[in-house]
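I opened this entry to record what I looked up, item by item. The notes follow the order of my reading.

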Amino acid sequence: MKHIKVVYLPTMTNTEISEIKDLLSTPQNIVIIPHRNPDGDAIGSSLALYHFLKYSHNVTIVSPNDYPDFLKWMPSEKNAIRLFDKQNSQSKKALENASIVFLLDFNALHRLGKDMEKTVEKFEGTFIMIDHHQQPDAIAKYTYSDTSICSTCQMVYHFFEKLNAVDKVDADIATCLYTGIMTDTGSFRFPSTTSTTHRIIADLIDKGANNAEIHNNIYDTNSYSRLQLLGRALSNLKVETEYRTAYITLSQAELDEFNFQKGDTEGVVNYALSLDGVVFAAIFIEDVEQKIIKMSLRSKGSFSVNQFARNHFNGGGHDNAAGGRSETSLDETIENFLSLLPTYKAELASSDED
Ligand code: 5GP
Ligand code: MN
């Protein structure tokens, strides 16, 4: 099928693109880095780029830590990805030898965690960042940042377009890009999903992404204990009607009770947001090992959870999906969260009116 021309907002100039083309015209040692606790978009974009570059370059993906089991079917994930925390010397070696480092799906080096941040900071070659989060730090020589795009995977597709290389997208690359676009758009339902997104998705299916199989691999592989944990999360759901807010808590004891595995709580916060009338949702998850409460925040309309997370919980993300953390106990975190709501009452009241 012929490639469909799509419209996008370029934030890389033509000069930058031709410099990148020049850089990639000779074999390079390349490392691709997704953010810590990588999701479908982070791993999907990293693997897509890996498959795109692997024929001409020596490419390694270095992930700060492990990725969820529901991604452990993606093309070449086992061979291509090194875990910085568990395969530390191999990871460091790849970084030492690299001439180009791609930073995918994150906007600041602290998103890698302290250890990896320290190593990556020392890199003296060329950084290329492709990301859709707000307010990217000025780290990279080349930054392609567009917060209006639903996923880094869609941006990687646009990046291939900019390089005039969409014809190189094969079934593996298409599968990886499809996965990240699907997971970051909540299966094509969040407002960031555009007609362009759907055109790209159509092209990826034409290029060999098996859409039904991908949905099945990601969503229909629940364990019994994961569903039980979801049951507990839903019974812990609380609503603050006055503030159009709903939140869920999961203590470490509850996670342990249901044999919590990485990725098990992915998407749970969306149940809170799905309540009629609710425009702000949060999930608070206790992590005893890291001594933090990790939170995921979601909103509908103009209320910015990115701003809320930045202001109060040492985090950030997008306007309608962000994350943060607190170093106090679960109870204290909730108390603090509830005490903040009155300040935002007017904003929450009008959040879905525009
Ligand atoms: P999630 O709630 O699914 O973990 O994350 C939602 C969005 O917020 C994602 O785009 C994620 O990258 C971003 N995010 C999550 N946690 C943090 C954080 O601690 N800091 C920042 N800056 N962004 C985060
Ligand atoms: Mn993303």
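I set the burial terms before anything else: buried means under 20% relative accessible area, exposed over 50%, and partly exposed in between, with a 1.4 Å probe and protein chains only as cover. The model is predicted, so I kept the thresholds in view: local features need pLDDT of at least 70, side-chain atom pairs count only at pLDDT 80 or more, and totals for chains, interfaces and linings use all residues. Residues are numbered from 1 along each chain as its sequence is written, chains are lettered from A and ligands numbered from 1 in the order in which they are written, and side-chain values use heavy atoms, with hydrogens and water left out.

**Entry 1: positive phi**

I looked up aspartate 105. Its phi is near 70°, a positive value in a residue other than glycine. Most residues other than glycine have a negative phi. Is aspartate 105 buried or exposed? Aspartate 105 is buried, at a relative accessible area of 1%. I found aspartate 105 in the loop between β4 (100-104) and α5 (114-121). Helices here are DSSP runs of H or I with at least four residues, strands are runs of E with at least two, and both are numbered from the N terminus.

Next I took serine 187. Phi of serine 187 is near 60°, again positive in a residue other than glycine. Serine 187 sits in the loop between α7 (171-184) and α8 (195-206). With 27% relative accessibility, serine 187 counts as partly exposed.

**Entry 2: ligand 1**

I listed the residues near ligand 1, meaning those with a heavy atom within 4 Å of it. They are Arg111, His133, Lys294, Ser296, Arg298, Gly315, Gly316, Gly317, His318, Ala321, Ala322 and Gly323. By class, that shell has two nonpolar, seven polar and three charged residues. For these classes, Ala, Val, Leu, Ile, Met, Phe, Trp, Tyr, Cys and Pro are nonpolar, Asp, Glu, Lys and Arg are charged, and the others, Gly among them, are polar.

Then I checked polar contacts (pairs of N or O atoms within 3.5 Å; within protein, one must be able to donate a hydrogen and the other to accept it, and residues adjacent in sequence count only if both atoms are side-chain atoms). Lysine 294 places a polar side-chain atom 2.9 Å from a nitrogen atom of ligand 1. For serine 296, a polar side-chain atom is 2.6 Å from an oxygen atom of the ligand. An N or O atom in the side chain of histidine 318 is 3.0 Å from an oxygen atom of ligand 1. The protein covers 83% of the 490 Å² of accessible area that ligand 1 has on its own. Those areas come from the Shrake-Rupley method with a 1.4 Å probe; for residues, only the protein chains shown count as cover. Which elements give two or more residues to the shell? I noted β10 (292-299), β11 (316-317) and β12 (321-326).

**Entry 3: helices**

Helix α10 (residues 224-235) has buried residues Arg226, Leu229, Leu230 and Ala233. They cover an arc of only 105° around the axis, which puts them on the same side of α10. The arc is taken from the directions from the helix axis to the C-beta atoms. Tyr224 and Ser235 are exposed on the other side of α10.

I compared α2 (residues 40-53). In α2, 14 of its 14 residues are buried.

Last, I checked serine 91 in helix α4 (residues 88-97). Serine 91 is buried, at 0% relative accessible area. Its side chain reaches the backbone oxygen of glutamine 87 at 2.7 Å.

Methods:
Expected span 1.5 Å × (residues − 1).
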